[in-house]
Amino acid sequence: MRLRPPFLSIALLSAAMLAYEILLMRLFSIIQWHHFAYMIISLALLGFGASGTFVSILQKSLFKHFSIAFLINIGLFAVSSVGCFLLAQSIPFNPDEILWDSQQPMRLLGIYLLLALPFFFAANAIAMALTYFYDCVARIYAFDLFGAGLGCLSVVALLFVIMPLQALAVIGCIGLLATAVAAWELNVTGRHWVFVALAVISVGLIMLDARSELQMSPYKELSQMLRISGTEIASEHSSPLGLLSVLRSHTIPLRHAPGLSLNASGEPPAQVGVFTDGGGMTAVTRETGEPADYAYLDQITSAAPYHLFQPAHVLVLGAGGGSNILQARYHAVPQIDAVELNPQLIKLLREDYADYTGDLLNTGNIRLHEGEARGFVTGARAQYDLIEVALLDSFAASSAGLYALNESYLYTVEALQDILKKLQPDGYLAITRWIKLPPRDTLKLFATAVDALTSMDVENPGQQLLFFRSWQTGTLLIKNGVVTETEIVALKKFVTDRSFDVAWYPGIEPGEANRFNRLAEPYFFQAAEAILGDERAEFFERYKFSLQPATDNRPYFFHFFKWSVLPEIFSLREKGGLPLLEGGYLVLVATLVQALVASVILILLPLFFTSREKRSSNPVSKSRVVIYFSSVGLAFLFIEIAFIQKFILFLHHPLYAVALVLTAFLIFAGLGSGVSWRLVKGGYYRHAITVSVIGIVVSGLLYMLFISSVFAQFQSLSLAAKIPLTLIMIAPLAFFMGMPFPLALAKLGDIAPNMIPWAWAVNGCASVVSAVLATILAIAIGFNAVIVLALLLYGLAWSSFPEKRATDIQ
């Protein structure tokens, strides 16, 4: 009896698999760091490529018992999705030791293999279904994409409700549900016993998950803090934006005041620390009722603007635990607005710690807004006397280069322009950053400010800049107007009284820099002078780190790595040179190399087993298959990743951008795949691929030309209005992008069905490479160039569409 295609189980499996992928990113961001989560997931997804190779080699044996093999692979995905993560997190891997501890690479390999298994089993099931039911390829692929899109949206919603480890158990149970649905769809004999077994396994998964806990790296800030006697985690709060851990101490109260003047005599009141994913601590300060207890807030670099003038209306971008709000209150600011991205942190301050903070956020002259900083500024109608960009990221992670892969639209040239436009005449923008040696991000920030002012037709940017530092932090002040002599005098008194060092003000003399926190040379002053002078290009060229300002097209502010410096730093590895290395970017490059090597092996391996087959048994050129499916795999993710980044600017929230863009691409691509099935039934392969590629190229070019104008036109709309607009904007491009892959698979199903698993492997390997390569290219040439490359790749795919050979000659 002819089996019916398991459409519903494919959709459920795809939903669980994509939800698992996104959840792993969250889990590894908590127990390790963001950039290693990126690397591990990218390589784990090689399970897709491995599955195609596996099915390609063993397809005859698998298809003799298709139903059983299909069920086993889905069930193994469900069980391994929970078990493999719990095993992987128990491996004592420390990325900081990977260059000198020979055991670390082997431990990392073990993590790769464990995390690849769930994707391998899930992809096996999908690859088998595509090959076995080759006459329904387009419909199966459509259900695959629909399921993936729903899984992406569902896991984000799920993470607002339950903790990440609980979500892991839910995903495992969804995998078991997909197994049960597959048994029903395939009419498996004795399926009632299958249902009973799956129910028992689901109970076991839930119990195993309930008894487990996340094992955070001992090198993360929270883990280090917990080693101090008397400290404990008071509470934890989770969302897709991060896991908030509130730390308190019964013996020694926390004291957090970054860059506090060494001349300061007072100390902060009692505090509790709030960590996001085990790092990026922000302090919540206890209300004492005594204004003098907050005098320490006048002894840090961010207090300088209050000594230059008296602002009436202040905006704090990044409220965190409220330190900058307290600082504005201490300086008697009449109206304070603050913006915070994480709603759980807002709830924590407004409710759980309202008494502790003296109901700070419910005070009449303080208004706290939930939202992303850049988006709030863009939509704000008010004008401010002072806008402060708070220091909320981790010093340890920042110093180690762990933010190198993080996009930030807050520190781009365009962002500074948007913020400066919201200042009153003679108002100030104040940005505080960590001081790192050799100097990096403070200098890049200075260069970004110069470019922003220049783009606003300021003839002499140096006349509007003030730059100074303590032993740990540096603050850049950008004025909406020319700095006056009175303000310069006030700044000099401020820094001298606190033993801070001034690095730039209009008219500064070389001898005035580097007086208190002395360095071998006045590096910060020398850099500021060079950036403002005619030798800027030469200075950028010879400097050890990349200081080119970030833009909205290349928003990697924290990327400082230069290949030309690598040999020099590596030669100093035994003399303390390695800490100078911006490790995040090199990890990404290493990931690309590993992915390429693994992909080549997985693509070539099936050819070894089929090398003895007669050429007539393969009527399609293998080279055309490789070119076509690798081009489609690279191009799809190039566009998808670029669009996620671009829509962060429009939706003003990374979470909304990831969820909406991925869901839109997957669901509308699924619609495109469904339409392609109708074209396949009519045999219009060449016409269909031509129409789809033309649609992709035209849509892509139109987006590049007009998307910025569209964003500007509808920027003031509410989020509720922007969500359908986002779906409408993405729909046409995604619809056409859903056609090339199923069209080619369907064509192979007509002329060479045995090659479908291999084509799946090629596409899967290309997708893994694409995820890493897109980021590397975006850092180097920008997102617009990445989109152009994707359109060219679709053109290459069109020219290599699999066709039946006229002869048997390769």
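Biologist: What are the axes of helix α15 and α16 in this predicted model?

Modeller: Axes are lines fitted to C-alpha atoms, for helices over the stretch in contact; angles run from 0 to 180 degrees between N-to-C directions. Helices are DSSP runs (H or I, at least four residues), numbered from the N terminus. Residues are numbered from 1 along each chain. As the model is predicted, local features need pLDDT of at least 70, and side-chain atom pairs count only at pLDDT 80 or more.

Biologist: Why is α15 called oblique to α16?

Modeller: The axes of α15 (residues 413–420) and α16 come within 8 Å and cross at roughly 60°. Angles under 35 degrees count as roughly parallel, over 145 as roughly antiparallel, 65 to 115 as roughly perpendicular and the rest as oblique. Therefore α15 is oblique to α16.

Biologist: What makes the contact of α15 with α16 by class?

Modeller: Six nonpolar, three polar and one charged residues. Asp, Glu, Lys and Arg count as charged; Ala, Val, Leu, Ile, Met, Phe, Trp, Tyr, Cys and Pro as nonpolar; the others, Gly among them, as polar.

Biologist: Why are α16 and α18 described as roughly parallel?

Modeller: The axes of α16 (residues 441–455) and α18 (residues 523–532) come within 10 Å and cross at roughly 25°. The cut-off is under 35 degrees, so the two helices are roughly parallel to each other.

Biologist: Which residues of α18 make the contact?

Modeller: Phe524, Ala527, Ala528, Ile531 and Leu532 of α18 meet α16 residues including Phe446 and Val450. Contact means heavy atoms within 4.5 Å. By class, nine are nonpolar, one is polar and none is charged.

How values were computed: Side-chain values use heavy atoms; hydrogens and water are left out.
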